[in-house]
Amino acid sequence: MIAYKVFNSDWTCSGFLYEVGQTYEEKVNPSLCDRGFHFCKELKDCFNYYPFDPDNKVAKIEAIGDICEGGDKCCTNKIKIVKEITWHEVLEMVNIGKGNTGLGNSGSGNSGHRNSGDRNTGRWNSGSGNTGDRNSGDWNSGHLNSGSGNSGDWNSGSRNSGDRNSGDRNSGSRNSGDRNSGDWNSGDRNSGDWNSGDFNLTDNNNGCFNTDDHKLLFFDKETEMTWHQWRNSRACNLLWDVDSRPTEWICADDMSDQEKVKYPTYETTGGYLKVRDISKAYQEWWDKLNDDEKQCIREIPNFDAKKFEMITGIPEAEL
């Protein structure tokens, strides 16, 4: 079997010194991670076990003894070091694109790893010109952007300097509107937070050009509470503990063996997006509250158990 092996800069591996052109044999039954000379069928897989370092030596080998295989690596009890592979040849072999100094790129001009786009210095980018990681858009310096020209993270819009925006040109975070400097706005050009309207200096307005905080409706009735008072209340803080995320990113290191079989693309993406059952999220949250915390929820202005059930699914009888 012709395959590949990576060595330290002095041609050692696991304390054993190798030489090109020589054949080595151990009188053992090869066993992965235990006995024998280890190697990979695909050169790119070798760098799952050795740093992608141009000081390391790389060679084509021939396994001419018994072979034990498992996952992306193998071992044998007799190996021949056929020839050294130069680092220039390594880059051509582990990348599909051209001019890459990284690993596993299908695009061109990448210095990072596993990019399908071009001119990326980050990793796992399908877009181009990214310095961050896992971008599907272009010219991002942040991470996990699907839009373009973002310096923040997790944006699906474009030219955002904040994080988790789906709109464009936001300097704040978690906006679905455009050109907001505040956070969590679905409207446009707000410097405050949580506005669905436009051009608001203050927070939680659904109108436009507001400079004052307005009183809030609770359970469809007027109250004397402002948005800031509500957000600083104990009840609001308790409700923030409800885990109602419809999806959750699971990193490869945290995936079970069953998940890795079901989502084989984790090797490229570094994990997978888990779809969560959130139908009982509020009930699970309520069951964890103590009596004092439940009473705090009941003291929300204008509390209406029937409407609370309609929103959360928690039976009125438990409230």
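**Aromatic pairs, a helix contact and a buried threonine**

Phe52 is buried, with a relative accessible area of 19%, where buried means under 20%, exposed over 50% and partly exposed in between, for a 1.4 Å probe and protein chains only. Trp87, at 18% relative accessibility, likewise counts as buried. The model is predicted, so local features need pLDDT of at least 70 and side-chain atom pairs count only at pLDDT 80 or more, while totals for chains, interfaces and linings use all residues. Residues are numbered from 1 along each chain as its sequence is written, and side-chain values use heavy atoms, with hydrogens and water left out.

The whole structure holds 15 aromatic pairs, a pair being two rings of Phe, Tyr or Trp (its six-membered ring) with centres within 6.5 Å, called stacked if the planes are under 30 degrees apart, edge-to-face if over 60 and tilted otherwise. Phe16 and Tyr24 form an edge-to-face pair, because their ring planes stand at 90 degrees, with the centres 5.6 Å apart. Phe16 is partly exposed at a relative accessible area of 32%, whereas Tyr24 is buried at 14%. The pair of Phe52 and Trp87 is tilted, since its planes meet at 50 degrees, and its ring centres lie 5.2 Å apart. This pair links distant parts of the chain, 35 residues apart, with Phe52 in the loop between helix H1 (43-46) and strand S6 (57-63) and Trp87 in helix H2 (residues 87-94); helices (H or I, at least four residues) and strands (E, at least two) are DSSP runs numbered from the N terminus. Ring pairs also join Phe7, Trp11, Phe16, Tyr18, Tyr24 and Phe37 into a cluster.

Helix H7 (residues 281-288) packs against helix H8 (residues 291-298) at an angle of about 125 degrees, with the axes 8 Å apart. H7 and H8 are therefore oblique to each other, as angles under 35 degrees count as roughly parallel, over 145 as roughly antiparallel, 65 to 115 as roughly perpendicular and the rest as oblique. Trp285, Trp286 and Lys288 of H7 meet Glu293, Lys294, Ile297 and Arg298 of H8, with contact meaning heavy atoms within 4.5 Å. The residues of this contact divide into three nonpolar, no polar and four charged.

Thr312 is placed in helix H9 (residues 305-312) and counts as buried, at 10% relative accessibility.

Note on methods. Axes are lines fitted to C-alpha atoms, for helices over the stretch in contact, and angles run from 0 to 180 degrees between N-to-C directions. Ala, Val, Leu, Ile, Met, Phe, Trp, Tyr, Cys and Pro count as nonpolar, Asp, Glu, Lys and Arg as charged, and the others, Gly among them, as polar.
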